[in-house]
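Please read them alongside the model.

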Amino acid sequence: MNKIKRSFLASLLVAISPVSHSNSVDQDYCESLDPGAKYWLEKLLCKAQDIKHAGVLAAERGSGLDLYRVENGQLATMNSNRLSILSGGGERSILNESSESCLYRDSKLKKSSLACDISVNYRVSVTGPGIVSGRSSVVILLEPRDQHRYLYSLQVDKMTGLLLGMKTMNFERSILENFRFATVDIEEKILGPRSIEANNTNDFEVKKPTDRFFNLELGWVPTGFESYNVRTTRTSSLNFTDGLASFTVFVERRNENFPPNDESTVVWGSTGSYVIAKKIEKDWFLITVIGDIPVGTARRIARSVRWSS
């Protein structure tokens with residue numbers, strides 16, 4: 001499975017991630033946030049982890065249709081998420097097990113509500129009722145406050161708060177990606193509590209990826225995206241999220257005799273990637289940016305990689 005598909009599947013299992021902003025900024029947006037929108041966003045918080053459910057998920061991208069079977073439950077003390085790919089040449093399964101509970105709910109990061117954090121980067125509104133797989137839902141619209149992220153329409157189960165579907169659209173409101181449960185069975189009983197130590201807030205602060213990033217740093221990142229989970233191997237990577245959208249920067253040192261001829265881009269649904277070979281000081285690096293962001297934004301991020309001063 002390629003990196004683009006892994007990125008998309010991960011977004012299904014954990015739809016909204018924790019981010020932290022200054023309290024003063026949060027307060028400004030909280031005061032202007034519609035109470036109904038805030039209520040439904042809070043109800044959505046971590047429901048994918050808390051509610052036992054199973055179903056068939058349909059994902060549309062352009063004229064293509066992919067089907068997935070999703071199972072969420074609890075095995076002993078472990079949270080279990082299994083996603084089976086039903087289309088595209090045979091069934092394959094991905095099993096994700098974790099002993100961790102919802103980071104946002106249990107963490108010291110919770111300086112304000114989830115809805116307040118999301119509203120820093122998106123205008124949030126409730127647009128009306130909906131129906132997904134025979135279940136009543138509430139439709140939440142998240143409109144980006146800048147051109148560096150997409151517009152989202154979320155369909156939230158009215159009874160449980162489970163995310164039943166999500167449309168991703170560009171500025172012209174053309175649908176880039178649409179996923180929704182074709183069938184779903186939900187067990188109303190909430191899974192048992194699973195406590196963990198709250199993460200230190202430093203884990204989610206934006207940091208310059210210097211020594212762990214080949215002594216390089218990013219000269220520009222869109223406002224509202226925060227870094228987490230740096231990996232250092234032969235290829236270093238750094239992940240960013242604004243609480244809804246996410247992207248990853250990969251940097252690989254290359255022999256100067258083998259740089260790619262030029263830049264390249266790939267778009268698959270709402271996921272775009274941009275790759276460029278760049279000479280920084282005396283070394284060649286292959287830089288890849290991939291995520292749920294416009295390609296133009298990915299290009300600007302990749303080209304901003306520079307030697308750390």
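1. Buried means under 20% relative accessible area, exposed over 50%, and partly exposed in between, with a 1.4 Å probe and protein chains only. By that cut-off F240 is buried, at 2% relative accessibility.

2. The model is predicted: local features need pLDDT of at least 70, side-chain atom pairs count only at pLDDT 80 or more, and totals for chains, interfaces and linings use all residues. Residues are numbered from 1 along each chain as its sequence is written, and side-chain values use heavy atoms, with hydrogens and water left out.

3. Rings of Phe, Tyr and Trp (its six-membered ring) pair if their centres lie within 6.5 Å; planes under 30 degrees apart count as stacked, over 60 as edge-to-face and the rest as tilted. The count under this rule is 4 aromatic pairs.

4. One of these is Y122 with Y152, edge-to-face at 6.1 Å centre to centre and 65° between the planes. Y122 belongs to strand 5 (residues 122-132) and Y152 to strand 7 (residues 151-157), so the pair ties together parts that are 30 residues apart in sequence. Strands here are DSSP runs (E, at least two residues), numbered from the N terminus. Y122 is buried at 0% relative accessible area, and Y152 is buried at 3%.

5. F240 and F247 make a stacked pair, 4.9 Å centre to centre with 15° between the planes. F247 is buried, with a relative accessible area of 2%. F225, F240 and F247 form one aromatic cluster.

6. A charge sits over a ring if NZ of Lys or CZ of Arg is within 6 Å of the ring centre and within 35 degrees of the ring normal. The charged end of R61 is placed over the ring of W268, 3.8 Å from its centre. R300 lies over the face of W220, at 3.8 Å from the ring centre.

Note on methods:
Helix = DSSP H or I, 4+ residues; strand = E, 2+ residues; numbered from the N terminus.
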